[in-house]
There are 2 protein chains.
Amino acid sequence: MGPGPSEVHPRVLAALGMPLLGHLDPEFVTLMDETQQLLRYVFQTQNRLTIAVSGTGSAGMEAVVVNLIEPGDKMLVCVNGVFGSRMVDVAKRAGAEVTAIERPYGEVFDPEEVKAAIHRVRPKVVGIVHAETSTGAWQPVQEIAKIAHEAGALIAIDTVTSLGGVPVEIDAWEIDAVYSGTQKCLSCPPGLAPVSFSPRAAEVISSRKTKVQSWYLDMTMIQQYWGSDRVYHHTAPISMNYALREALALVVEEGLEARFARHALNARALKAGLAAMGVGVVVAEERHQLPQLTCAKIPDGIDDLTVRRRLLKDWGIEVGGGLGSLKGRAWRIGLMGHGSRQAHVTLLLAALETCLRDLGHSFEPGAALAAASKVYSQSAQPVSAGA
Amino acid sequence: MGPGPSEVHPRVLAALGMPLLGHLDPEFVTLMDETQQLLRYVFQTQNRLTIAVSGTGSAGMEAVVVNLIEPGDKMLVCVNGVFGSRMVDVAKRAGAEVTAIERPYGEVFDPEEVKAAIHRVRPKVVGIVHAETSTGAWQPVQEIAKIAHEAGALIAIDTVTSLGGVPVEIDAWEIDAVYSGTQKCLSCPPGLAPVSFSPRAAEVISSRKTKVQSWYLDMTMIQQYWGSDRVYHHTAPISMNYALREALALVVEEGLEARFARHALNARALKAGLAAMGVGVVVAEERHQLPQLTCAKIPDGIDDLTVRRRLLKDWGIEVGGGLGSLKGRAWRIGLMGHGSRQAHVTLLLAALETCLRDLGHSFEPGAALAAASKVYSQSAQPVSAGA
């Protein structure tokens with residue numbers, strides 16, 4: 001129940017353990033085609049250049065940046081957490097002239113301030129994090145994409161924590177480049193980074209004047225392996241691709257709408273329970289709180305590590321610590337993919353009640369579970385035990 | 001039985017399917033320590049900076065190059081196959097001033113010609129492939145390492161196909177940087193790249209004037225996650241790390257010497273069988289033929305794809321095609337790790353005899369199996385059915 005890797009579905013674990021095919025075997029090639037189709041569904045896109053990069057989410061970030069940026073290009077990055085800062089670092093290493101605009105941890109950007117920065121900087125690429133894993137902030141990106149396009153810029157978004165948990169609509173929002181990870185709301189182990197590029201972005205890549213600085217992440221070559229030519233580039237992580245296909249199949253079986261509703265419901269129950277124990281959330285406005293990742297404020301007088309160590313030792317529950325300015329001040333509670341279920345919410349609230357009570361934090365006994373239970377009973381939607 | 005991914009041991013597949021731990025969980029941290037110790041054993045090194053990069057072998061190559069090279073640095077690369085050429089490309093993208101010396105596919109370099117080039121170029125880094133996966137050529141590197149050091153250069157070697165199949169002695173040979181893959185003689189799925197840097201190379205990295213161009217592969221940061229600090233860098237591919245630890249444990253249980261002897265014996269039997277059918281090997285000198293990868297010359301009049309398709313369809317055997325100048329002219333037959341066993345040699349020879357006979361290639365029936373059998377019966381070592 002940390003910020004990822006999330007709990008992996010048994011069917012995905014079983015897929016991981018299947019015997020290997022060669023990376024040019026006709027059966028594996030078919031599996032790659034299926035994976036691309038499934039990725040297009042979860043990204044809600046028709047983009048041809050939709051693949052899984054052979055690395056974790058950060059490799060996806062680097063793949064997007066180094067393919068779109070040539071030395072000297074201007075990039076505007078919106079920073080309101082660790083992953084925005086990482087994008088700045090990656091872009092500078094790619095030779096970009098980077099301008100960063102900042103918001104405190106837990107806040108989101110207003111389209112107007114991004115618009116002002118775009119007009120000032122005139123960037124080639126605008127980078128923004130859709131779901132900040134360090135804070136649980138849910139950033140609306142559709143209007144910002146529109147503003148970027150009006151100024152002739154490309155828009156690239158980080159959906160590592162959002163994909164499969166809240167709507168990600170690449171075509172409807174006109175996103176040019178997107179990367180994600182497998183280990184959050186897709187409930188697959190870490191090791192692959194789904195990415196997708198719009199035709200406009202693909203055109204920018206194919207008309208580069210310089211080679212992509214990373215051979216390993218060079219989309220101009222990788223797309224020939226994922227395309228109909230099947231030109232060998234590097235050996236694909238076969239087992240991880242098995243796992244990703246199975247994880248994506250589970251998303252299709254559940255359906256995106258049902259999956260988003262499940263994430264939303266469990267988050268509402270969790271937050272109701274936390275509130276009943278006097279535990280608040282870092283992100284102030286509810287509409288900007290990611291349902292799959294709740295960044296809870298640690299109550300005054302409660303020691304971060306004492307609680308997290310006990311949760312792990314006594315109940316086997318992992319909860320993430322705060323990053324950056326939130327270190328020691330927040331817990332990051334993930335309800336992601338297969339891990340987003342009522343049993344997890346209930347167990348965590350019960351365990352946390354025990355920890356906080358033993359540490360002298362005062363609240364009404366049993367109120368947390370009652371509050372969560374009320375959310376579930378009032379929900380119109382059928383509550384599935386898992387997914 | 002292609003050039004990798006090789007057949008994965010059932011214990012490794014079982015490890016892949018274990019439930020996930022967090023990448024900062026104390027138990028996972030212990031697993032990383034164990035993996036580092038095991039990697040030091042297979043690399044025969046005491047190098048502190050010995051880790052698994054979160055990508056396939058080519059990511060390991062890029063990690064070595066981009067960490068050692070700063071823009072404008074001189075690098076000498078020895079090219080006698082596809083992977084030497086790849087190293088040239090990677091080094092140029094890293095801003096190196098690259099000089100390549102070349103040998104035809106299937107040949108190896110003589111230390112004297114490398115010495116002459118080193119004295120002419122005065123490179124910061126010399127790069128050479130220990131085991132060329134595209135040709136099966138086994139390059140001696142110890143003397144070249146000595147020559148490089150005498151000229152003040154670092155030596156970096158590619159052991160993607162050699163590690164776990166033939167001796168790789170990083171400390172005894174005084175190698176400064178090495179990368180490998182998991183999917184060859186370690187018999188683990190592809191997805192991680194073991195790397196190791198000598199103290200001298202680590203010093204070069206820590207005293208860089210510029211940032212490493214790849215954030216994802218930056219050893220100055222990654223070593224803090226693998227080191228005692230456990231500073232979060234990127235989410236490690238958890239399941240792949242389980243698999244690698246199990247694969248390395250299997251190497252330790254067998255012992256390196258026994259493992260190398262097994263690879264050597266099975267290769268001798270395979271080549272004896274091929275010779276009995278009039279099928280030669282691309283690498284001329286036996287001492288430069290990798291036992292784990294035999295690059296067999298396709299006999300005149302025999303169509304490459306006809307045979308490979310039938311092997312796959314009728315017997316489920318994958319054999320690799322030729323790369324580069326060997327395309328359509330050679331088969332790459334892997335006997336790697338768990339896949340290096342008598343049953344595989346026997347089945348392949350029997351299947352190939354059937355294919356070649358049906359295509360009208362003339363040779364003495366049954367001679368291949370008899371020749372292979374003779375090698376096994378004359379072997380002093382106990383022949384294990386598997387490993």
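Helices (H or I, at least four residues) and strands (E, at least two) are DSSP runs, numbered from the N terminus.

This is a predicted model, in which local features need pLDDT of at least 70 and side-chain atom pairs count only at pLDDT 80 or more, while totals for chains, interfaces and linings use all residues. Residues are numbered from 1 along each chain as its sequence is written, and chains are lettered from A, ligands numbered from 1, in the order in which they are written.

**Stop 1: two helices of chain A**

Select residues 111-121 (helix 5) and 142-150 (helix 6) of chain A; the two axes come within 10 Å and cross at roughly 20 degrees. Axes are lines fitted to C-alpha atoms, for helices over the stretch in contact, and angles run from 0 to 180 degrees between N-to-C directions. Helix 5 and helix 6 of chain A are therefore roughly parallel (under 35 degrees; over 145 is roughly antiparallel, 65 to 115 roughly perpendicular, the rest oblique).

Now show the contact residues: A:Pro111, A:Val114, A:Lys115 and A:Ile118 from helix 5 of chain A, and A:Glu143, A:Ile144, A:Ile147 and A:Ala148 from helix 6 of chain A. Contact requires C-beta atoms, placed from the backbone, within 7 Å. Six of these residues are nonpolar, two are charged and none is polar. Ala, Val, Leu, Ile, Met, Phe, Trp, Tyr, Cys and Pro count as nonpolar, Asp, Glu, Lys and Arg as charged, and the others, Gly among them, as polar.

**Stop 2: the sheet of chain B**

Select the seven strands of the open, mixed sheet in chain B, in the order 1-9-8-7-4-2-3. Strands pair if DSSP finds at least two bridges between them. Strand 1 of chain B runs antiparallel to strand 9 (residues 193-197) of chain B, over five bridges. Pick B:Thr50 to find its bridge partner, B:Ser196.

**Stop 3: where the chains meet**

Show both chains: 40 residues of chain B and 40 residues of chain A make the contact. Helix 3 of chain B gives the largest share of the chain B side, four residues.

Technical notes:
Contact = placed C-beta atoms within 7 Å.
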